[in-house]
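Hi there,

Here is the structure I promised to pass on to you. Please have a look at it first, and then read on for what turned up in it.

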Amino acid sequence: MSTPDADGLLAEQLLRLTRRLHRSQKRQLESAGMAITPAQSRLLRTVAHFEEPPRMADLADRLEVVPRAVTSLVDGLEAGGRVRRVPDPTNRRVTRIELTDTGRTTLRTLRDARRAAAEDVLAPLTAEQREVLAGLLSTLVDSPGPRC
């Protein structure tokens with residue numbers, strides 16, 4: 001059984017590892033000449049997961065943020081040519097957000113940067129250790145419990 005001190009240390013280690021991963025990914029993106037915020041990259045990935053271009057409200061629900069936050073993120077991504085607002089074909093009062101070719105290219109760059117960052121952080125582990133870690137992380141991610 002774990003103790004509160006051990007759990008606190010584990011939480012701190014997880015936070016430190018997450019920060020390392022983010023810093024490594026940021027370096028990868030900078031070396032690729034990619035200027036995008038973490039929130040914008042999250043929104044871009046979220047748009048890509050929808051089967052059809054989502055409404056702003058769909059994005060706000062999925063990201064668990066207020067609609068105004070989505071509007072600001074979409075504004076920035078649209079200014080960079082990564083998404084565009086398009087009218088809903090069945091309801092002209094509704095605006096949908098779709099990826100552009102630049103947005104799809106950005107997603108590939110983000111994916112490559114994330115993989116390179118993971119490789120950088122996981123380099124000290126053997127293949128077997130990575131497999132064990134993947135299983136443990138899957139258990140934590142998939143477990144029911146308080147969600148943030």
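A word on terms before the details: a residue is called buried under 20% relative accessible area, exposed over 50%, and partly exposed in between, with a 1.4 Å probe and protein chains only. Please keep in mind that this is a predicted model, where local features need pLDDT of at least 70, side-chain atom pairs count only at pLDDT 80 or more, and totals for chains, interfaces and linings use all residues. Residues are numbered from 1 along each chain as its sequence is written, and side-chain values use heavy atoms, leaving out hydrogens and water.

Let me begin with the charged pairs. Side chains of opposite charge can pair when their charged atoms come close. A salt bridge here is a side-chain nitrogen of Lys or Arg within 4 Å of a carboxyl oxygen of Asp or Glu, and the count by this rule is 9.

One of them links Asp101 to Arg104, with the closest N and O atoms 2.9 Å apart. Both residues belong to helix 5 and sit 3 residues apart, about one turn of the helix. (Helices are DSSP runs of H or I with at least four residues, strands are runs of E with at least two, and both are numbered from the N terminus.) Arg104 is partly exposed at 36%, whereas Asp101 is exposed at 57%. Elsewhere, salt bridges with shared partners join Asp75, Glu78 and Arg85 into one network.

Arg84 and Glu98 make another bridge, their closest N and O atoms being 2.6 Å apart. Arg84 is in strand 1 (residues 83-87) and Glu98 in strand 2 (residues 95-99), so this pair ties together parts that are 14 residues apart in sequence.

Next, the helix packing. Helix 2 (residues 38-49) packs against helix 5 (residues 101-122) at an angle of about 115°, with the axes 10 Å apart. That makes the two helices roughly perpendicular, a label used for angles of 65 to 115 degrees. The axes are lines fitted to C-alpha atoms over the stretch in contact, and angles run from 0 to 180 degrees between N-to-C directions.

Finally, the surface. Leu10, Leu14, Leu137 and Leu140 form a nonpolar patch with about 360 Å² of accessible area together. Such a patch joins nonpolar side chains (Val, Leu, Ile, Met, Phe, Trp, Tyr) within 5 Å, from residues with over 30% relative accessible area and no salt bridge; areas come from the Shrake-Rupley method with a 1.4 Å probe. Helix 1 (4-31) and helix 6 (127-142) each supply at least two of the patch residues.

Best wishes

Definitions and conventions
Patches are made of residues with over 30% relative accessible area and no salt bridge: like charges are joined within 9 Å, nonpolar side chains (Val, Leu, Ile, Met, Phe, Trp, Tyr) within 5 Å. Angles under 35 degrees count as roughly parallel, over 145 as roughly antiparallel, 65 to 115 as roughly perpendicular and the rest as oblique.
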